[in-house]
Amino acid sequence: MFKDVIIGQYVEGNSFIHRMDPKMKLILTLLYMILLFSVKSIPAYIIATVFTLFIVCLCAVPFKLILKGLKPMIFILLFTAVMNLLMTRGEPLISYELFGRFTLSVTKEGVRIAVLMVVRLLYLLIGTSVLTLTTTPLKLTDGIERLLKPLDVIKVPSHEIAMMMTIALRFIPTLADETDKIMKAQLARGADFESGSIFRRAKALIPILVPLFVSAFRRADELATAMEARCYHGGEGRTKMNVSRIGSRDIKALVIFLIFAAAAAAAEIIV
Amino acid sequence: MISVRNLNYVYGAGLPGSRQALFDINLDIETGDVVALIGHTGSGKSTLIQHFNALVPPTSGTVVIDGINVTDKAAKKSDIRKKVGLVFQYPEHQLFEETVFDDVAFGPKNLGLDEAEIKKRVFDACAIVGIKEKYFGFSPFELSGGQKRRVAIAGVIAMEPNVLVLDEPVAGLDPKGRDGILAMITGLHEQRPEMTIIFVSHSMEDVARVANHIIVMNEGSVAMTGTVAEVFSKGDELRGMGLAVPQITQITDRLRAMGYELPPHIYTLKYGERAIAALLRGEERTDV
Amino acid sequence: MIEIKNVSYCYHKEEADGRINENKVLNNVSLTVHEGEFVAILGHNGSGKSTLAKHMNGILVPETGDCLIDGLSTRDEKKLLEIRSNVGMVFQNPDNQMVAAVVEDDVAFAPENLGVPSEEIRRRVDECLKIVGMWDYRRAQPSRLSGGQKQRVAIASVLAMEPKYIILDEPTAMLDPKGREEVISTIHRLNRERNMTVVLITHYMEEAASAERVAVMDDGEIILDGTAREVFHEIEILKNIGLDVPQATELAFMLREDGFNIPHVITVDECVQAIAEALEVKS
């Protein structure tokens with residue numbers, strides 16, 4: 001059930017992107033998102049496409065793997081496409097009378113926006129996949145912690161947020177295994193998760209959810225004791241085994257991105 | 001009667017990184033037998049027993065239990081699960097109801113039985129595992145570790161299966177808890193002689209106390225089958241698979257190798273002690 | 001030196017009717033563990049052995065009595081980090097003591113908490129993983145490891161604090177025989193080769209039999225304390241409180257009860273030799 005979820009599915013590698021500082025990768029991913037949502041014209045889209053293909057080639061992760069990670073998102077993409085197709089006003093291409101009162105129509109503008117919206121989301125997913133596929137979860141949380149650090153002044157608990165993410169990532173496979181085990185055990189006791197109304201099916205989940213929560217609490221309790229025993233006392237005075245610094249590679253990446261961004265901006269203005 | 005024929009199972013068949021867990025398993029288990037399934041982790045024991053109640057579909061081969069082909073996709077899962085009760089490792093981790101009674105009743109309820117029958121079965125099952133009536137209203141989470149496990153096992157016994165399969169029923173228990181569960185298995189066999197009991201274990205001492213037959217698994221294949229005596233007489237082969245015979249068998253084997261006349265097939269302490277005592281008294285060898 | 005002096009401890013549990021139920025788990029326990037010793041604490045579930053272990057690094061603080069680690073009291077909160085970095089603790093469930101999703105990051109966790117400089121952490125992580133034989137798995141995810149491997153990583157994770165003492169609270173209860181063997185041989189090696197002081201909490205008598213000293217707990221008290229040979233001699237006491245003795249020991253005991261002159265033994269070798277000798281004498 002969880003095998004298609006790509007978050008945390010780091011792929012070992014030694015590419016330019018693998019070796020970048022996680023902080024810079026996070027900043028660039030954010031800037032890339034902003035860029036994707038600001039471009040509107042076709043030429044600017046082409047520039048974004050070239051940039052996306054560029055990073056996909058540069059990250060040295062098999063394209064098939066990136067596509068596999070997109071699979072669970074297909075529904076969201078389709079939903080976006082359909083909503084945009086039907087909800088955009090403009091010059092109708094096809095119309096359909098519904099109950100004689102509503103008119104459903106697909107407009108020329110609708111098609112355009114739907115296509116652009118899907119492309120935008122697709123690139124966004126590819127971009128974030130490249131981030132998670134080339135960065136170990138620990139480096140990622142570490143990067144988030146460092147980026148949030150300045151916000152400590154306004155009482156944002158950056159260390160705690162990062163620690164929570166680390167533990168969550170660590171326990172996802174464990175809890176997925178456990179869910180599978182409990183489910184099989186209840187199936188063996190004759191539980192039925194597949195038939196009946198939605199209400200009945202939701203009720204049928206209780207024999208899975210209760211043991212899962214009980215176990216999660218027990219694990220949390222034991223983990224807390226184990227962390228305490230290993231001298232955990234919050235983020236104060238903590239050091240790190242791997243310290244990454246922003247280097248010339250990261251500056252280079254930033255400059256390349258800014259060139260593309262400038263080109264996209266120029267294209268917007270000219271068109 | 002359980003017969004397994006040419007059973008193969010491949011994890012993630014057809015995908016990269018697939019791994020074969022079971023290789024051409026052939027087995028026959030008689031009705032009413034008590035069988036121990038031994039082998040180290042990864043030998044395929046857990047995968048095999050999950051085939052017995054259709055939780056895992058085989059890659060090829062069949063498992064037929066009392067005339068029903070449980071590996072047939074068309075077979076009704078509820079019929080199979082009525083026939084074969086499976087108690088997982090650490091079964092106390094699946095307790096979920098508010099009271100002990102309700103938790104034990106969960107299986108029988110799923111079978112669609114009427115109130116009176118459910119009640120009768122809960123009482124019977126709890127009597128077998130030694131959970132007293134005064135605990136019926138307790139939350140299962142209030143009980144001790146050993147008691148929780150008994151309640152969980154009762155939940156499967158209450159479904160009155162023809163075949164009861166227990167995956168490492170004594171894992172993690174202390175000697176007292178372990179002795180209690182082993183005695184429960186022996187008691188169950190006496191009360192329900194027609195029920196076939198299969199249990200997975202790592203401990204040869206435990207196996208010697210409870211089982212009639214042994215199936216030894218090694219790297220996804222059946223390495224040996226036979227009576228306890230037959231299997232324990234192959235101490236060297238067992239050691240080769242990372243398994244050891246009970247200490248008492250090691251001791252009597254070595255005394256026999258030194259030329260002392262001891263009867264074969266010693267694997268319980270009581271029997272071994274009687275044989276050695278007889279030898280020390282200078283009595284003629286008596287196959288006690 | 002770990003000194004436990006007259007320690008008592010109660011768990012308080014609130015009953016449904018609001019009454020507070022006091023459950024005494026440690027009753028005036030005293031125990032001293034010297035440097036370099038390998039002590040096994042044997043007892044059944046609920047005997048108080050885990051509670052005692054949790055006192056040794058200040059996870060629990062005694063209600064009455066004192067617990068001193070190299071003279072530092074676990075009551076002194078300012079010294080708690082120093083105590084914990086000196087007394088490493090490995091727990092029963094290997095899954096619930098790993099913090100990070102990669103083996104080497106998990107081993108780095110404790111020294112990171114202690115503020116050790118980066119290069120030094122790297123050195124310790126590599127060294128500790130090599131000691132437990134898990135260096136080849138340094139980039140692996142814990143969920144891909146066997147139980148025995150996970151526990152060895154857990155041992156490396158506490159070794160990275162460079163402690164003087166290591167307490168293991170039923171580290172093998174959830175493992176198969178192979179995993180148990182891996183863990184037990186690893187801690188014996190630590191004790192032998194690195195002079196690490198080891199306290200092993202267990203209910204497996206085979207594991208206790210391999211320790212130089214065994215303390216037996218029952219009902220919150222230490223009822224026996226001595227060498228493994230001495231402790232297993234008290235076969236009736238052990239059986240009474242629901243603990244096992246090695247079959248070899250029990251066989252010799254049963255033969256003695258039947259009037260034969262068989263000495264107390266604790267291993268298969270000794271047992272075979274003793275019976276053979278008795279048979280020689282007879283003939």
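This is a predicted model: local features need pLDDT of at least 70, side-chain atom pairs count only at pLDDT 80 or more; totals for chains, interfaces and linings use all residues.
Let's start with chain A. It splits into two domains: domain 1 takes in 1–135 + 242–271, and domain 2 covers 159–240. Going by C-alpha atoms, their centres sit 32 Å apart.

Over in chain B there's an open sheet of four strands, paired antiparallel in the order E2-E1-E4-E5. E2(B) and E5(B) are the edge strands with a single partner strand each, so one side of each has no neighbour in the sheet. Further in, E1(B) and E4(B) run antiparallel and are joined by five bridges. One bridge to pick out links B:Asn8 with B:Ser60 in E4(B). Helix H1 of chain B lies across E1, E2 and E4 of that chain, at about 60 degrees to E2(B).

The elements of that sheet region, with their residue ranges:

| Element of chain B | Residues |
|---|---|
| Strand E1 | 2–11 |
| Strand E2 | 19–29 |
| Strand E4 | 60–65 |
| Strand E5 | 68–69 |
| Helix H1 | 45–52 |

On the H10(B) side the contact involves B:Gln247, B:Gln250, B:Ile251, B:Arg254 and B:Leu255, which meet C:Val268, C:Cys271, C:Val272, C:Ile275 and C:Ala276 of H11(C). Sorted by class, that contact has seven nonpolar, two polar and one charged residues.

Definitions and conventions
Residues are numbered from 1 along each chain as its sequence is written. Chains are lettered from A and ligands numbered from 1 in the order in which they are written. Domain bounds come from an automatic or database domain assignment. Two residues are in contact if their C-beta atoms, placed from the backbone, lie within 7 Å. Helices (H or I, at least four residues) and strands (E, at least two) are DSSP runs, numbered from the N terminus. Ala, Val, Leu, Ile, Met, Phe, Trp, Tyr, Cys and Pro count as nonpolar, Asp, Glu, Lys and Arg as charged, and the others, Gly among them, as polar. Two strands pair if DSSP finds at least two bridges between them. Axes are lines fitted to C-alpha atoms, for helices over the stretch in contact, and angles run from 0 to 180 degrees between N-to-C directions.
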